[in-house]
Every structure is written in structure tokens, then in C-alpha cells.
Amino acid sequence: MSKTDFIGKASSAAGGWGALKSVGKRLLETGAPISGARTLLKTNQPDGFDCPGCAWGDPEHGSSFEFCENGVKAVAWEATEARVPPDFFAAHSLSELRGWSDYDLEKQGRLTHPMRYDRATDKYLPVSWDDAFAEIGRILNSLDSPDRAEFYTSGRASNEAAFIYQLMVRLYGTNNFPDCSNMCHEASGVGLKASIGVGKGTVLLEDFEQADAIFVIGQNPGTNHPRMLGDLRRAALRGAKIAVLNPIREKGLERFADPQDKIEMITGGNTKIATNYYQPRQGGDMAAVRGMSKAVFAADDAARAAGEPAIIDYDFLAEHAVEFEAYRAAVEATDWETILDQSGLTRAQIEEAAGIYMNAGSVIATWAMGVTQHRHSVIIVREITNFMLLRGNIGRPGAGLCPVRGHSNVQGDRTVGIDEKAPPALLDALEKELGVSMPRNPGHNTVEAVAAMLDGKAQTFIALGGNFLRATPDSPLIIKAFEKQKLTVNIATKLNHSHLVPGETSFVLPCLGRTEIDRNSAGRSQIVTVEDSMSMVHGSGGINPPASDELRSEVAIVAGIAEATLGNAHVDWKALADDYDLIRDMIERVIPGFDNFNERVRVPRGFHLRNTAAERQWNTPAKKATFYTGPLPEQTEHQQALSRDNLFVLQTFRSHDQYNTTIYGMDDRYRGVYGERHVIFMNPADMEALGAHSRQRVDVIGEYGDGVERVAENFRLVPYNIPRGSVGGYYPELNVLVPLSSYGDGSFTPTSKSVLVSVRLLADAPVKANAS
């Protein structure tokens, strides 16, 4: 590959020596590779900290190593020796910094001091913690309604920080909790709650050791949660079938070389992951799964007619489910022509996948945002659940439903109360605990919060972590929304673009990271807790000195804002900030499942929160698992895209060198793209039909039809194994094309996996420098 090119050879397998080389590179970039390596040895260990990356579970039986390449990147990113002190801000205005890329901003290192925006100089200036808290409290108390304020939460916040955050906000008087869950897995929670009565997955990590078949749907673990590849590899090696449904061929789902397997590393070998790989059209998952159910019904009818045992578990369905016959009728009413057109698969492929299901004793279905970021995501989740119910694959060993969350505590934040539609039982418990009434009106989710900020109904935005401006769709609208605010506050470890669009008054408040020691006033180090995708609650204690003496924990910062805003009439905020055991005691009294919280979380690997559906107790209105009985969507975006020339359905995704909006580097070696992020992956036949060539420069134009011009300028085409009519590219660069008003039915999740676009070919001139 020449220095001027950007398309090179893709890795032959996920992991392997490429992963180890990347690990070494990231450790060198920290500026302290030896201490960085020591830090890694404490990742996901009983006496260490929980990885600040993904939410994949840790085995209860423990392991000598429980981190992955992307976990290394997350730890190295946080444990860097680079710093962003007040001198940095004195040298750079916000106008200048807005021209920097996401990568270049965060590469500067850790924030060290609380800062307040000065409009006269267009720079951040140092401010004392007390002055920052006092001014934030004054502005919050000046609003004519608590509902004028929005309180965002990132999935990296601990249970303790999230709990006192929701405590502060509800005592303040609102349920406005736009949350990262709203942008990723909301459809999983909504769909599962309707079907099985609980909005979480039903499996433990140990179930992957017993499953006979695993269906991996709309998911790229190689990049988004690489430790999952180890569990899939072990399942494949013992003979379990792994059926993948994903429009794009992803390296991590094809082959994996485990860096912790000495023989594979010495021999250069790898393990085949997917036994069967199917590439449905974007949004065609529901049709594919319904087709599998149709094949199961047909095989079951044939078996019973021949006097053979039934394939469907009728005893389970009679005892545990309702609306089964209505679902059967809906499946029978769905013709094969519709299923094949919408799914993009052949009947032979669908029947083959159904055969894997029928021949397996225990089956797990796992999925991620390839399922949840569509207009019809809630019913797709429910259709997957229907399929699993047919043979009783919920609530027994080696079987169940497994939505894989993103950030390490996105599930835990919801468990401890970050919910704009708060369960009445939670509000009742808080009222009993505090002796004061709680707000009962539903608050704003992410989409509603942005709308409220744009129309002036919301005047304050406070973010507990994250990079809201870059994570949300319709990027120019978010800028306008921020500029209208009386107050913006960002609690963060590193500088990002959300900090560069201030309201009338703006603060950046630097916090401790997951890897750093958090000491209270008596000098005792404190632990926090997180909940993974398997509902395991783990303790996490930092081991590194703080990046600056000025840093405060997320808990301490929230407590400081709360005391300045609300006083101590109902809660002793300083006491909670000084002893997290007191927060956990309150969580135990308020939220079911946390009995003996402080004792159990100090046991290696923590404890499991009870999941009633996993015990075949169904908290639905019917008190049974409930089939979804509706039809397939009338038309998916992909079907629309195929109806005319130069119309495509775009999905945004991560490169292998990023996690959410954090860009660790400019390479995506699994897809063979190096040093470039402004790319569009396209089927070679579609490129030929456009008269385009590999590396062709194009503008990508949104085709939502609402009169708003959305253009992503100056991208380059990369030929890729992706269905015709479908294109893909990196988030957040392509968020400009995702309409804020396009979201999932029943979930409000932006449809980042189904955006209609066209492309405009540009002359082959030199490409602009990559910038965000």
C-alpha cells in the first residue's frame, strides 16, 4: 500500500498478532508503557477495576486475563500521561478547536482543572469547584420550571454516580433523562418487556458454554465487544453451530485468532467462528426470522403427520405463553415471496438456518445495534423472542435471549433509575425513603430533549459523561440546540466536541476515570459498581494515581451540584460523596435485587441480579410470555432503495479503532482501510452501475424527504462485501445524514442503520485532510 493510498489488505482473522501489535502501539502512546501494562493486569480482576469499554460479561469462575484489544485501547486512552491543563485553553480558542478532529482533540490527554467559558476571549478559563457549583445551582434555581433542564447520562457512569444523579434530578423536580440507552438499545428493553416482562437479556456467560447453537444477529463483536469472540470461539471448538445474520461480512464473525492461545499464536492459526453466515438486507432481520419460524411450523406439521415427535415445545407454550395460535396464523398469512423480498435471503438459506435451530437442544439468540437502530426495531426484537419461544429456549441452561449492550454500565444506569419513564414502584420507593413527593410526569428522551432545546422549552443541559453533540443525529441541529442554552455543563475526562459549543454559561468539570484511585476525606480508597449485559454487578476500584490533584469523582461532582442547588434538607450529599457504602445502602432500600449490596459486591466477580424471565416467571399483563402477532413491516428502507437508481440505505458503524465517539486511531484493519475515515463502503456492482470506481470521491446526500438538506461532503468509495442497495460508513462522521425525526416506532431510537441516501460523483482531485 502506497503512502497516498488508504485501501490495503484486511486482516485474515480477528485478533492474533495484529491485536498484540495494536496493544503495544497503544501502550507506547500512553507515554508510560510499563505502568500501562501493569494497569492492564488489573482489568476485570477481583482486586482491580472494571474495563471502561464494553458491557460483555466476566466469567464467575475467573480468569488470569479478562481484557481484549479494544479494552486495552480504552484503558490506555484513559491512563495516558498526556494532559490538558489551563495553559492549553489559554493557547487555543474554541473557534480554533472546533476545526480539530475528534481524534486530535482527545489525543491531547486528560483534563486537569474545572474550567468556565469566557465569551469575551472565546476561551475556557480556570474556575474553583465551589464557584462552579454555586453558579450552576444559581442558574438551575432561576429557571421557571425544573422541566426546562435536561440531564444526560453516559453508559460509563457507575451505579453510584447514576443513582445520586437521578436522586438529585428528581428532587429538583423533573424526569428529563435523555440517556445513551435512547440511542442504542432502547428497542431491546421495550420489546423484551412486552414479550417476557423484563427488558434485559436472560442468559449468563456460562450459558454460552452449554448452547448447542448461537444465532448472532446484527452484531459485530470483533470491534464492539471483542471478548465475546473468545466465548464464540470456545463454543465453535466444542461443536456448537454459530449462525450469523449480518448484511456485512465482518472479520470477527468469520475467523478469530485468540491472542491468549499460545498454539494459535505460534502456528499463525485461527478458528472459524460462523458455521453459517447469512447476509440479509438492511432491516430484513424480522422477515428472515419469520421465515425461519415458517420453516419450523412446516417441519413440525410434517413430523406430527408422520407420527414423529413434535418439533415445537407445545407443553412449554401451554404453560408459559399466550397468543401462540395468533402468531401461527400471522406466520401462515405471511407468504414466502414477501419474506424473501424483504429479507434478501433465499428460501434455501432460511430453511437451512431453521434447521440449525430445530436440530439444537439449547439455543441462544444474541443481537446488538444492527437490530435496534431501525424504524421497526421493537417488533424485530419481539420476532426474535417469538422464534426462541417456539422450542422453549428461554429460562433453561444454554438457552436464552442476549442483547449485548454497548458501554460498560449502560444497563446498570437504567437499573438504578436513569429512566425518563420512571417505574411507579421506583418513585414510590424514593418517596418512602426521602419523605418527599417525586415528579410523576414522563420526562424527555434524547430525541425529545433535542427538540425541547431547539424550541426553547429546555434552557439547561448537563451531561454526566459522553459526547452528546457527536453521538446524536442531525449534527447541525445539535449545535443550534446547544447555542440556545442558558447553561451547559460537561462532566468529562477528556476534551470533545460537545465542550466546544457553549451556551450563555458553560463549564467543563474534570472527573476521575475508572482506572484511578478514588479516596475519601479519610484517605480510604472507594469502589464503585457496574452491571454488565448478563446482569452481573461487579465492584471496580482504581489503581492509578489521579491525573491531577484537582480531579473529583463523578459522585463528588454530582453531590456538589446537588448541594448547591437543593441544599441538604432531604439528603446529606457530602456524606454520600464521602462514603459510597451509604449510596449502596440507599440503593438496597429502594431498588429490588440489591439485598446485602455492600457485602455481595465485595465478593470476587460480584453477584447476579435476579431476572424473573430467566426463571420462567413472566411480569407481563397476562403473566405469561406474550407472542407478537402483527405483520411484517409494509416496506423496509432497503426495499425503497432498490426501487430506483442511485438510492441506497446507509448504516453507520464503528471502525476497529474507535469506541462510540472516541477515536483511538485512523485504521480499520479488519476492513482494510488505513489512515482515513471519510469513506463509504459499497457493493462493487453498485459502483459499476453508477459509473464509479474504487476510491471515487463522492458527496453523500440524505434523501429523507423533509425539505432539510443533509450532505456529507468529500467521501471516498471502498468496494466491499455488502448487499446491493446498501452502503455503510463511520459514525460520527455520517451522523449529519441521520434525521433527528427518523426514529424507531415505540423506542425513539434514531434509525442510524436505515438512512436513505444518494451519492454525487466528484472529480478526481486531491482529497481534503481528514477532519471531523
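Helices and strands are DSSP runs, numbered from the N terminus. The model shown in these views is predicted.

**View 1. Packing of helix H14 against helix H20.** Helix H14 spans residues 285–305 and helix H20 residues 377–389; their axes come within 9 Å and cross at roughly 20°. Angles under 35 degrees count as roughly parallel, and H14 and H20 are therefore roughly parallel to each other. The crossing of the two helices is left-handed. On the H14 side, the contact is made by Asp285, Met286, Val289, Arg290, Met292, Ser293 and Val296. H20 contributes Ile379, Ile380, Glu383, Ile384 and Phe387. Sorted by class, the contact of H14 with H20 has 8 nonpolar, 1 polar and 3 charged residues.

View 2. Glu383 has a relative accessible area of 0%. Buried means under 20% relative accessible area, so Glu383 is buried. With neighbours within four places in sequence left aside, Glu383 is in contact with Met286, Val289, Arg290, Tyr327 and Tyr628. Among these, Met286, Val289 and Arg290 also belong to the H14 side of the contact with H20.

**View 3. The buried face of helix H25.** In helix H25 (residues 475–483), the buried residues are Ser475, Ile478, Ala481 and Phe482. Viewed down the axis of H25, these residues fall within an arc of 110°, so they line one face of the helix. The elements covering the buried residues of H25 include helices H23 (446–454) and H24 (468–471). Strands E15 (460–464) and E16 (487–492) are also included in this cover.

Notes: Residues numbered from 1 in each chain as written. Predicted model: local features only at pLDDT ≥ 70, side-chain atom pairs only at ≥ 80, totals over all residues. Heavy atoms only, no water. Axes fitted to C-alpha atoms, helices over the stretch in contact; angles between N-to-C directions. Helix = DSSP H or I, 4+ residues; strand = E, 2+ residues; numbered from the N terminus. Parallel < 35°, antiparallel > 145°, perpendicular 65-115°, else oblique. Left-handed = near helix turned anticlockwise from the far one by under 90°. Contact = heavy atoms within 4.5 Å. Nonpolar A, V, L, I, M, F, W, Y, C, P; charged D, E, K, R; others polar. Buried < 20%, exposed > 50% of the residue type's maximum accessible area, 1.4 Å probe, protein only. Arc of directions from axis to C-beta.
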